[in-house]
Amino acid sequence: MFEIYRDIHQANLDREFETILINLLHYNMSPVVEVPIRHFLQEYVIIRDDFWNQFGKCNSFDMAFDYYYQYAKNKRALIDSLLNNLNFALGYDPLQNDLSLIMKDGLTF
C-alpha cells in the first residue's frame with residue numbers, strides 16, 4: 001500500500017506534481033486510481049532516464065536545450081495521458097458535467 005508513495009518520491013517529480021499525486025491518493029486509494037499512477041511513474045522514469053542519458057552526450061548548449069525541450073514535451077504528453085486514464089477509470093466525463101451545468105443554468109429562473 002505504501003509502496004506507491006515511495007515510488008512517487010523516488011521518481012523525482014516536480015514537487016507540485018508530487019503533491020498533487022499524493023493528495024489524489026489520500027482522496028482515493030483504490031486500485032482504479034493507483035494503477036494509472038503506477039503506469040505513469042514507470043513511463044516517467046523511462047523518459048527522465050533517457051533525457052539524462054542524452055544530456056550526457058551533449059556537446060553544445062543547442063543540443064542540451066533541444067533535448068530538454070523534447071523532455072518537457074514528453075512529460076506534458078505523459079501527464080495528459082495520466083489525466084485521461086484517471087478520468088476514464090473514474091468515469092468522469094467533463095463534457096457531461098459541463099452540459100449538465102448549462103442545462104441547470106438554462107432551466108433555472
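Modeller: Start with burial. A residue is buried under 20% relative accessible area, exposed over 50%, and partly exposed in between, with a 1.4 Å probe and protein chains only. This is a predicted model: local features need pLDDT of at least 70, side-chain atom pairs count only at pLDDT 80 or more, and totals for chains, interfaces and linings use all residues. Residues are numbered from 1 along each chain as its sequence is written, and side-chain values use heavy atoms, with hydrogens and water left out.

Colleague: Why is Arg48 called buried?

Modeller: Its relative accessible area is 14%. The limit for buried is under 20%, so the label holds. Asp49 has 36%. That value falls between 20% and 50%, so Asp49 is partly exposed.

Colleague: What makes Arg48 and Asp49 a salt bridge?

Modeller: A salt bridge needs a side-chain nitrogen of Lys or Arg within 4 Å of a carboxyl oxygen of Asp or Glu. The closest N and O atoms of Arg48 and Asp49 are 3.2 Å apart. That is within 4 Å, so the pair qualifies. By this rule the count is 5 salt bridges.

Colleague: How do you know that Lys75 and Asp14 form a salt bridge?

Modeller: Their N to O distance is 3.8 Å. The limit is 4 Å, so the pair passes. Lys75 lies in helix α4 (residues 61-90) and Asp14 in the loop between α1 and α2 (15-27), so the bridge ties together parts 61 residues apart in sequence. Lys75 is buried at 14% relative accessibility, whereas Asp14 is partly exposed at 43%.

Colleague: What makes Arg38 and Asp7 a salt bridge?

Modeller: Their closest N and O atoms are 2.7 Å apart. Arg38 sits in helix α3 (residues 31-56) and Asp7 in helix α1 (residues 3-10), so the pair ties together parts 31 residues apart in sequence. Arg38 has a relative accessible area of 24% and is partly exposed. Asp7 is also partly exposed, at 21%. Both belong to a network of salt bridges that links Arg6, Asp7, Glu34 and Arg38.

Colleague: How many helices and strands does the chain have?

Modeller: There are 5 helices and 0 strands. Helices (H or I, at least four residues) and strands (E, at least two) are DSSP runs, numbered from the N terminus. Along the sequence the pattern reads α-α-α-α-α.

Colleague: What share of the chain is buried?

Modeller: Of its 109 residues, 24% count as buried.
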